[in-house]
Amino acid sequence: MQIPPALDPVKAVRDKFADAVLHDKHFRDETTLIIDPATITDVMLFLRNTPGLVYNFLSDVSAVDYYPNDYGHAFDGTGKDFRPERFGVSYHIYSMLYNRRLRVKVFAADENPVVTSMTSLWPAANWLEREVMDMMGVQFEGHPDPRRLLMPEDWDGHPHRRDYPMGKETVQFSFNVEEIMKHKPFATE
Amino acid sequence: MSELTATKATWEGSLEALKGLVSERAMTGETMLLNMGPHHPSTHGVLRLLLELDGEEIITVLPDIGFLHTGIEKNIEDKSYEKGVPLTDRMDYLSPMSNNMAFCMAVEKLADIQVPERAQIIRVVCLELARIASHMVWLGTHALDMGAMSVFLYCFREREKILNMFEMVSGQRMMGSYFRPGGVWRDLPDPFYKHVTDFLEYFLPKIDDYESILTQNPIWLDRTQGVGILEPDVALAWGVTGSSLRGSGVNWDIRKAMPYSGYNTYEFDVPLGEHGDVYDRFYVRILELRQSVKILQQAMKRLPKKGAFRTDNRKFAPPPRSELGQSMEAVIHHFKLWTYGFDAPDDEVYISLESPRGEIGCYLHGTGGNKPRRVHFKTPSFMHVSAIPALSEGALIADMIAIIGSVDIVLGDCDR
């Protein structure tokens, strides 16, 4: 079988979707494509199905929180990293045929962060996205099973956000029991 | 009587929450909902599976995880880079060395730290020993789940010898934290070399023993062949990696595909299965044991007794104790490393490596300071547990036990 020659993912996506790529970045031999969240389904389908790219394996979905002020204007056009919004969701995809990785990153706003779900392309995204949803509070549109994954279902807040304190379970005394139970609706059931 | 109705009422109330997750037949009571775990011995930890059963046949599986979530990723965000290493031990507690390696590789890539060649060989020795130790636990418990008690005892006997070696190098049997950014914590003790070579001689015939108990055993074949078949494309779609993926015949071993720590200089084969059933996943791992021994033999042959075991860049690794009495600079470096750590750029890296269970990925995002902004571990058990529904629908409950054992999950690794 003839294997088609490998294409440069950045150039291929830029040629196909003129406005989709907001920025591309190369750091320590890793390529990052920062794309417009509205186009993510098309870009991912293109990356997965095009001969010469064939990123067929989803390795990881992880999110990073740039709170409090490492995003926005301070990072525009300075030659440093490109971070338009607070949350960065990275899809690490891998091409078995060409043995290379690519990071596709989309940003989600502080208020009501939503990213389109990739579960229809890779079933593996199901739990990976659920974890991001649970721990970072980024919602995935079109996710088939948007429940919490690691934390209890009555948990308040999203632990991996940078403004979530590195605290511990509050010790329960009679003076604060009501305050604690307010955040745990299922505990008394 | 009233108590009974009360129980029934709450039970029906909770059923509503499962709408859409289990089939409609469960809502009318035609099929049965059964909890397996979180304390079931064959779930290898605290995994709860909600099974929807039609007789003994499984219609739906809903895995419920998080019982062992310990916030390791969040905790590492609050520590300087080197202090994060001991936490990673606690994820996959059956092969802590692989987790150390994942985190150290990510830090080394982010901060651009070079690892001396001898340290790379030491790491390969430890990683392969960890692979054997982990496969020993897997083989023992997998066989135990299906009623073969003796294999379990033999496997733990061999694992004990490896744990003794880990104690020798790191002072701890399991949670060694032996790998550090830039190399390993300290040099190998002298008796270690002989222990490893003796162990390899001792261990090879033991693999034949396990095989003589299991490989051709008709009961074992009946329980495993044709059970829990995982097609290659399904495995890839669900992100299954490691031996479980190679059992389905997909040739992807990160040690070969993206070599790290000098794995490209060792000669070894990647065993592959054909049918993707429980038996193939079992047999691939047995063959992997032999390949690990092969790698270890090569590594021990080329491992010099003296040499650097950690980078000599004093910005990332402390100076040896002998220097502290003579050099002011060494004292400053030591103080700086122990109080502050080192800085890493405000950027992101992703590395992956082949753990005994599959691909461990580590996504690390620095802040420019001495602590990471975000660290995320993509762990093989997490993906394998998420694939259990795809593997076991239509199987029998008894096969479910075989399937869980065959994908080799560790719940500490899954929940982190």
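Q: Which residues of α16(B) are buried?
A: In this predicted model, the buried residues of α16(B) are Pro380(B), Ser381(B), Phe382(B), Met383(B), His384(B), Val385(B), Ser386(B), Ala387(B), Ile388(B), Leu391(B) and Ser392(B). Because 11 of its 13 residues are buried, the helix is largely enclosed by the rest of the structure.

Q: And what covers the buried residues of α16(B)?
A: The cover includes elements from two chains: α3 (125–136) of chain A, and from chain B β3 (57–64), α11 (243–246), β7 (359–366), α17 (397–407) and α18 (411–415).

Q: Where does α16(B) bend?
A: The bend, of about 35°, is at Ser386(B), and a proline, Pro389(B), follows within four residues. Ser386(B) is also among the buried residues of the helix.

Q: How far apart are the end C-alpha atoms of α16 of chain B?
A: They are 18 Å apart. This agrees with expectation, because 13 residues (380–392) at 1.5 Å a residue should span 18 Å.

Q: What comes just after α16(B)?
A: Gly394(B) is found there, with a positive phi of about 90°.

Q: Now the contact between the chains. How many residues does it take from chain B and from chain A?
A: Chain B gives 33 residues and chain A gives 30 residues. On the side of chain B that touches chain A, at least two residues each come from α3 (72–76), α10 (232–237), β6 (348–354), β7, β8 (372–378) and α16. The residues on that side divide into 13 nonpolar, 9 polar and 11 charged.

Q: Changing topic, which residues have the most contacts inside the largest nonpolar core?
A: They are Ala102(B), Ala106(B) and Cys362(B), in a core of 151 residues. Helix α6 (residues 117–145) of chain B contributes the largest share of this core, 16 residues. In soluble globular proteins, nonpolar side chains tend to be buried together.

Q: What does Ala106(B) touch?
A: Leaving aside residues up to four places away in sequence, Ala106(B) touches Val349(B), Ile351(B), Cys362(B) and Leu364(B).

Q: Stepping back, how many helices and strands has chain B?
A: Chain B has 18 helices and 8 strands. Its radius of gyration is 23 Å, close to the 22 Å that the globule rule gives for 416 residues, so chain B is as compact as a globular protein of that length. The C-alpha trace of chain B spans about 80 × 45 × 40 Å along its principal axes.

Q: What share of chain B do buried residues make up?
A: They make up 49% of the 416 residues.

How values were computed: Residues numbered from 1 in each chain as written. Chains lettered and ligands numbered in written order. Predicted model: local features only at pLDDT ≥ 70, side-chain atom pairs only at ≥ 80, totals over all residues. Expected span 1.5 Å × (residues − 1). Bend = angle between axes of the 7 residues up to and from the residue. Buried ≥ 20, exposed ≤ 12 C-beta atoms within 10 Å, placed from the backbone. Contact = placed C-beta atoms within 7 Å. Core = buried A, V, L, I, M, F, W, Y, C linked by C-beta atoms within 7 Å. Nonpolar A, V, L, I, M, F, W, Y, C, P; charged D, E, K, R; others polar. Rg over C-alpha atoms; globule rule 2.2 N^0.38 Å.
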